[in-house]
Amino acid sequence: MQDHKYKVKIEYGVAAIVAFIGIFFIFQALTIKISNEAVGPRTMPMALAISLVLGAIWLWLRAYRGKVGAVQSGYGFIDSDTKRITLVIGCGVLFVTTFWLFGFFMSVITGYVAALLSFGVRSGPKIIISTIVMAVMLQWLFMGIMRLNDPKGELIDMRPLTDFISGN
Amino acid sequence: MIFADIIGGFQTFFADPFAIYFVFLAAFVGMVFGALPGLTAAAAIAMMLPILIVYNDVIGGLSGLAFLYVVGKSGRYGGSIAAILFNTPGTAASAATMQDGYPMSQSGRAGKALKTATIASVFGDYFGEIVLIFGAVSIAAFTRQFGPPENFTIYLMAFVVIGSVVSDSIIKGVISTLFGAVVALIGEDTITGQFKMTMGIDELESGMALVPLLIGVFVISEVIIQAEKAVKLKLVDLGSKKIDDPTAHYFTWVEFKRCLPLMFRSSIYGSLIGMMPGLGSSVACFVAYGEEKRRAKNKDEWGTGVVEGIAAPESANNAVSGPSMIPLLTLGIPGSTIAAVLIGMFLVNGLQVGPQIFATEPPIFIGGNMMSPREFIFAIFAGGLIGIGAYGLIGYFFAPLVGKTIAVLPTEYLYPFIFMISLAASYSSRSSISDVGFAILFGVIGYGMRRTNFSAAAFIIAFVLTTSMETAFRQSMIISDNGLLVFLQFEYMNKFSYAPIFLIIGVLVVGFRAYSTISKSKRTQA
């Protein structure tokens, strides 16, 4: 019974999120300039966005009538470790921010150290050695071998220090 | 004609200096990723796709496509290693294998379980590949005549069918499809050239890229789940238990003969399920397991470690692989996530997937050689046939070693490593930092979808299909004299139209699915 109530509660939340996404895309679709034809560039985005809102209403009605089915293993967020989820997402955000400020090499270093810490690694020497290996390997693979654009950091340009790895 | 094409495919394949190496590499890589619990062939492909695209001109299109194709096959097989040795399905496709595979390992017969899984997988995969080759060519000859109205209704039918069958809940499957479709429409309009729903972000003017989306929903969401779990894999005891049976580590000839009819039937189930867009290996393995258990004389022994309980689901889940390409190659509809990703790789090589891929003209320039699309696709089939043998050989002799190696891998280093590779791979698709941000965003969305029973596969398939669907819809409107009625008429531009038939099929499938869901729900309540 408790499980069922929990699932109903989650399903209300899911319906709200789907409705929000649908409404968001309806507003986005309204920004598309329409042509004189009945069917233009706005038709399909608008139809899909409205369908999303209708889907959300269906989900809401299902939850309201309590017909959400049995709770299956892995459903919901009861077992979720919010701290760990936030840490992993934080590592990603740190990677993007460092990439923008200091370039690719530094982003791998900071992102990998943060990810190791998030996964519970606490051994200093292991963190240092594995991070150096990882950063050099990815710099060599992506910027050296694959010849991707290695943009300079907005704050500090670290590329003169890593060019020997990339082979530039 | 087809036999000559197959022989020609092998000749083209062996003429490529890289192809054979890439196929063996794919057999190994797919097997390892499949055996890693949580990671799937789709995750492996998502991470490797940008690298293959960058190197496409160097290695040639054939090697890259054959690599991705074989990773999909060996990834399905690799899942059985984890199911048998760790009691955790490496992929959803091997969940049924666990029921007899793990008890057999616990009783000291892990070798027999692994070899049974290998032989059954190879059998099923070869069966499916033959169905693909003969089926696709025949169906493509018919579907080649389709125009925009038929194409639109096929896409619409695929959306509805995939959405309704891919998830436990019809509405959630359909919403996953709608979400993928609306995200796909961000960017430049294919007909007028104006920018749509870009939210003022310049990077979105060229649309959302496939690679960050794939990486987000399949890899980053899995990294988040693994961070939550932080559990170590526990390998079954492979050595210490001594038993008298000299055949404990072999799949004997007698057992093979006993399982042959069962593997044949299971391969048929798998092939039929594989042809239907959206239904994948995870459905096939349970259907085959359930059906063969029902037919078995020793059904009481099933679940305690019988070879039949491994052979049936493994034949079925691998038999899905080939036929799941039939909708892609004959209608342009990817039947699975892996097929959806292959569309991108075909486009990189200048090939539009669909029935025209079996055309003998015009010749295309791939990997430094001129060849017809038909020669190219048969070379990929040849790569698939060789790839099945490759993962069969590697798996037969080295599956226990792969399992032991995975068991000692420190997950606290492995998943951060995968996380960094996936972020870098997101960047590499368009050299855009924004794409890394999108990958993280879709990682969070993918995590939420998995926790609330939405379908990531339906989302990705819809994302890949929608642009073509919109184009077909608007082209139909241009050629139509009666507006939307063109989809309901059996004739347009003085030729017969199959469009209403596809709409009827879509409605029937959804109706049947809704009926079975309601019946099941009533039975549960009773």
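# Exercises on side-chain packing and pairing

Asp189(B), Lys196(B), Glu470(B) and Arg474(B) are linked in a network of salt bridges. A salt bridge here is a side-chain nitrogen of Lys or Arg within 4 Å of a carboxyl oxygen of Asp or Glu. The model is predicted: local features need pLDDT of at least 70, side-chain atom pairs count only at pLDDT 80 or more, and totals for chains, interfaces and linings use all residues. Residues are numbered from 1 along each chain as its sequence is written, chains are lettered from A in the order in which they are written, and side-chain values use heavy atoms, with hydrogens and water left out.

## Exercise 1: a salt bridge in the network

Find the N to O distance between Glu470(B) and Lys196(B), and say which elements the pair ties together.

Step 1. The two side chains meet in a salt bridge at 3.1 Å, N to O.

Step 2. Glu470(B) lies in helix H19 (residues 456-479) of chain B and Lys196(B) in strand E2 (residues 195-196) of chain B, so the pair ties together parts 274 residues apart in sequence. Helices (H or I, at least four residues) and strands (E, at least two) are DSSP runs, numbered from the N terminus.

Step 3. Check the cover. Buried means under 20% relative accessible area, exposed over 50%, partly exposed in between (1.4 Å probe, protein chains only). Glu470(B) is at 2% relative accessibility, so it counts as buried. Lys196(B), at 1%, counts as buried too.

## Exercise 2: two further salt bridges

Describe the bridges Arg451(B) to Glu228(B) and Arg294(B) to Glu291(B).

Step 1. Arg451(B) and Glu228(B) meet at 2.7 Å, N to O. The pair links distant parts of the chain: Arg451(B) sits in helix H18 (residues 433-451) of chain B and Glu228(B) in helix H10 (residues 210-229) of chain B, 223 residues apart. Both residues are buried.

Step 2. Arg294(B) and Glu291(B) have their closest N and O atoms 2.6 Å apart. They are 3 residues apart in helix H12 (residues 281-295) of chain B, so about one helical turn separates them.

Step 3. Arg294(B) is exposed, with a relative accessible area of 54%. Glu291(B) is partly exposed, at 23%.

Step 4. Over all chains, the count comes to 17 salt bridges.

## Exercise 3: aromatic pairs

Classify the pairs Phe99(A) with Tyr427(B) and Tyr289(B) with Trp302(B).

Step 1. Set the rule. Rings of Phe, Tyr and Trp (its six-membered ring) pair if their centres lie within 6.5 Å; planes under 30 degrees apart count as stacked, over 60 as edge-to-face and the rest as tilted. The structure holds 34 aromatic pairs over all chains.

Step 2. Phe99(A) and Tyr427(B) are 4.7 Å centre to centre, with 55° between the planes: a tilted pair. Phe99(A) lies in helix H3 (residues 82-102) of chain A and Tyr427(B) in helix H17 (residues 411-430) of chain B, so the pair joins two chains. Phe99(A) is buried at 1% relative accessibility. Tyr427(B) is buried, with a relative accessible area of 1%.

Step 3. The rings of Tyr289(B) and Trp302(B) have centres 5.2 Å apart and planes at 70°, so the pair is edge-to-face. Tyr289(B) lies in helix H12 of chain B and Trp302(B) in the loop between H12 and helix H13 (307-319) of chain B, so parts 13 residues apart in sequence are tied together.

Step 4. Look for a cluster. Phe95(A), Phe99(A), Phe104(A), Phe142(A) and Tyr427(B) form one.
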